[in-house]
Amino acid sequence: MVGDPEMEGAPPETETEESGRGIRSLLPVASLVSPSGNEVQLPELEGKVVALYFAANWYPKCEAFTPALAAAYGQLRERGAGFEVVFVSCDEDAPSFERFHRAMPWPAVRFGDLPCKKGLSQAFQVEGIPRLVVLGPEGEVVCSDAVELVHRYGDPAFPFTPARVAELEADERSKFASQTLEKLFSIGYVNGSNDHQVPISSLVGKTVGLYFSAHRCAPCVKFTARLAAIYGTLRRKAEDFEVVYVPMDKEEDGYLRSCGAMPWLALPYDDGGVSSRALARYFDVREIPTMVVIGPDGKTVTREGRNLVNLYFDMAFPFTDEQVRMLQEMEDEEAKGYAPSLLHAGHRHELSIVSGQSGGGPYICCECDEQGFGWAYQCIACGYEIHLRCGRNVEGESAGTGQ
């Protein structure tokens, strides 16, 4: 049941002093609804840290974040941390709300309670989703948006206060400063061909790409083929480069299929993905494929290995800032040989050459669907962009001047 209609229509800031402080002063309703449809009384939330989760079923970033929040929620509830989440839906219809809510273990504001949802959105100035507003036991705002904290730290971020965040950031800086290849792995080996165990110690002194990927992922399949070509080229050059597959597969069958398409080493799947998840959390991996490059000294060189391979192929090695600067200087010089404008078969307007300083990147090439940065052929009117190399025809000549 819901409360008085007049109270329901009032935004949180108009609540009377008689309501007291805490969550009841911010939620102008008598009860919430559980994923199964049962009532959840507001007194059950009193004295707890409460996170208002603004999200919608139709937005991919919300679908991606919800499992991360659910994992942190489960850990906190298991240890009795006094934490609750309230889903404030931005869905367009009741079936979408119900479908999304069933994937959550926490209560929600009723879908039809538009005044309450509108009041909360206005009170906390919610302009984008997902948004996670964390409130202290007295109803005070502890963190205006904890989405990034949950992504980066999970349940250790609780209670999401500035002091706790400062502790986590200091600990993170300390870990990265003392990082070694051996410390990154919870086990002392990785799998080679035919399940041959390769000691982690044998990788020390090499440039190592930690490749986060999964079998049922079209972008991963595409990038794996490109990385395999780069890997083979660098190995033939006798460069000290190795790749370790960090599986994001949900099933072992997918892991085995992925390994079959990869000529490099792989983290074992024996622990059910615990090691993989720990590495993904440590490097704040949000999407796959991702390649984190570790230098010969065991320190992180870059988390942008995928983009660098897509941009520069084997020339990206050893992925350092110095190498990237050199490649960018080479691109600047090479760009002088390209036509200032052209007509491209994939677009109806003339494309003009632009640099990174004049609007050229970063971008996704509309021709090859790969990462671009810096120089591009761009349609000023539409934002259509392609690599300079994609502006050449099959013979390798300029595709035209547009004149």
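Is E148 buried, partly exposed or exposed? I looked it up: E148 is partly exposed, at a relative accessible area of 43%. My cut-offs are under 20% for buried, over 50% for exposed and partly exposed in between, with a 1.4 Å probe on protein chains only.

A note on the model: it is predicted, so local features need pLDDT of at least 70 and side-chain atom pairs pLDDT 80 or more, while totals for chains, interfaces and linings use all residues. Residues count from 1 along each chain as its sequence is written, and side-chain values use heavy atoms, without hydrogens and water.

**Salt bridges**

I searched the whole structure and got 15 salt bridges, each a side-chain nitrogen of Lys or Arg within 4 Å of a carboxyl oxygen of Asp or Glu. E148 pairs with R286 at 2.6 Å, N to O. R286 sits in the loop between helix 10 and strand 12, and E148 in helix 5, so this pair ties together parts 138 residues apart in sequence. (Helices are DSSP runs of H or I, at least four residues; strands are runs of E, at least two; both are numbered from the N terminus.) D284 joins E148 and R286 in a salt-bridge network.

I also checked R235 with E242: 3.2 Å between the closest N and O atoms. R235 is partly exposed at 39%, whereas E242 is buried at 5%.

**S276**

I found S276 in helix 10, residues 274-282, and buried at 2% relative accessibility. Its side chain reaches the backbone oxygen of P247 at 3.1 Å. Beyond four places in sequence, S276 has contacts (heavy atoms within 4.5 Å) including F212, V246 and L267.

Key: Polar contact = N/O pair within 3.5 Å; in protein donor to acceptor, adjacent residues only side chain to side chain.
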